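Subject: Handover of a structure

Dear colleague,

Please find below the structure that I am handing over to you.

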Amino acid sequence: MAKSIEELFWEFASERVREQQKVKSTAQLFLEFIAKGVREQQGVGESIDVAVLSPKTILWLESNKPEMKLASTNLILRDIVIKQIVHTSKKIILNHTAFPLADLFFLPEKMVNPKAVFWDNSNPGLIYVFEIFGTHRLAKIVIRANFLYKGRLENQIRSARLVSRASLCESRYVLVQGEV
């Protein structure tokens, strides 16, 4: 006897639910990656994609830094860098420039909608800036475009800390998008 459309639908839907339960969401994978990076004694070089460069940033780089041919538009975070952020945060917590570790968990959302993106002419790279709840300082995420890591070029997040708005007005920084 043939199955009814309703039976086929519920069978298909149940199978889909089982498949989705096996696949973790990107957000869950990111949370686990950060938690493992904070917990582990030493990073091993594992990475995760955090976000992608915005079309506006890509156009700015093509127009203003034509010598820089991006190998990728992905923004990468390595477990080794998480260790550096955690270590640095412990050292600089007293002068209020430590990046709040809890905010690492929200990095993908913040990187997609930064308050501003700058180019650093003194130490070539992108600077992503966003507000952190509960402080007058801004988060500053340093990204080295085409950073060579184990023979591969990647746009790697290299550091994170809090800075004053005034520090972003230095002549070394060129506004790519947004405002401070």
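This is a predicted model: local features need pLDDT of at least 70, side-chain atom pairs count only at pLDDT 80 or more; totals for chains, interfaces and linings use all residues.

Residues are numbered from 1 along each chain as its sequence is written, and side-chain values use heavy atoms, with hydrogens and water left out.

The protein contains six helices and seven strands (DSSP runs numbered from the N terminus: helices are H or I of at least four residues, strands E of at least two). The seven strands form an open sheet of mixed pairing, in the order S1-S2-S6-S5-S4-S3-S7; two strands pair if DSSP finds at least two bridges between them. Strands S1 (47–52) and S7 (173–178) stand at the edges with a single partner strand each, so one side of each has no neighbour in the sheet. Strands S4 (residues 125–131) and S5 (residues 138–149) run antiparallel and are joined by six bridges; Leu126 stands opposite Ile143 in S5.

Of the 180 residues, 39% count as buried (buried is under 20% relative accessible area, exposed over 50%, partly exposed in between, with a 1.4 Å probe and protein chains only). The largest nonpolar core has 35 residues, and Leu77, Phe99, Leu107, Met111, Tyr128 and Ile141 have the most contacts inside it. Such a core is a set of buried Ala, Val, Leu, Ile, Met, Phe, Trp, Tyr and Cys residues joined through side-chain atoms within 4.5 Å.

The whole structure holds six salt bridges (a side-chain nitrogen of Lys or Arg within 4 Å of a carboxyl oxygen of Asp or Glu). In one of them, the closest N and O atoms of Glu154 and Arg78 are 2.8 Å apart. Glu154 lies in strand S6 (residues 152–163) and Arg78 in strand S2, so this pair ties together parts 76 residues apart in sequence. Glu154 is buried at 2% relative accessibility, and Arg78 is buried at 6%. Arg78, Arg152 and Glu154 are linked in a network of salt bridges.

Another salt bridge joins the side chains of Asp120 and Arg172 (2.6 Å, N to O). Asp120 belongs to strand S3 and Arg172 to the loop between S6 and S7, 52 residues apart. Asp120 is buried, with a relative accessible area of 2%, whereas Arg172 is partly exposed at 27%.
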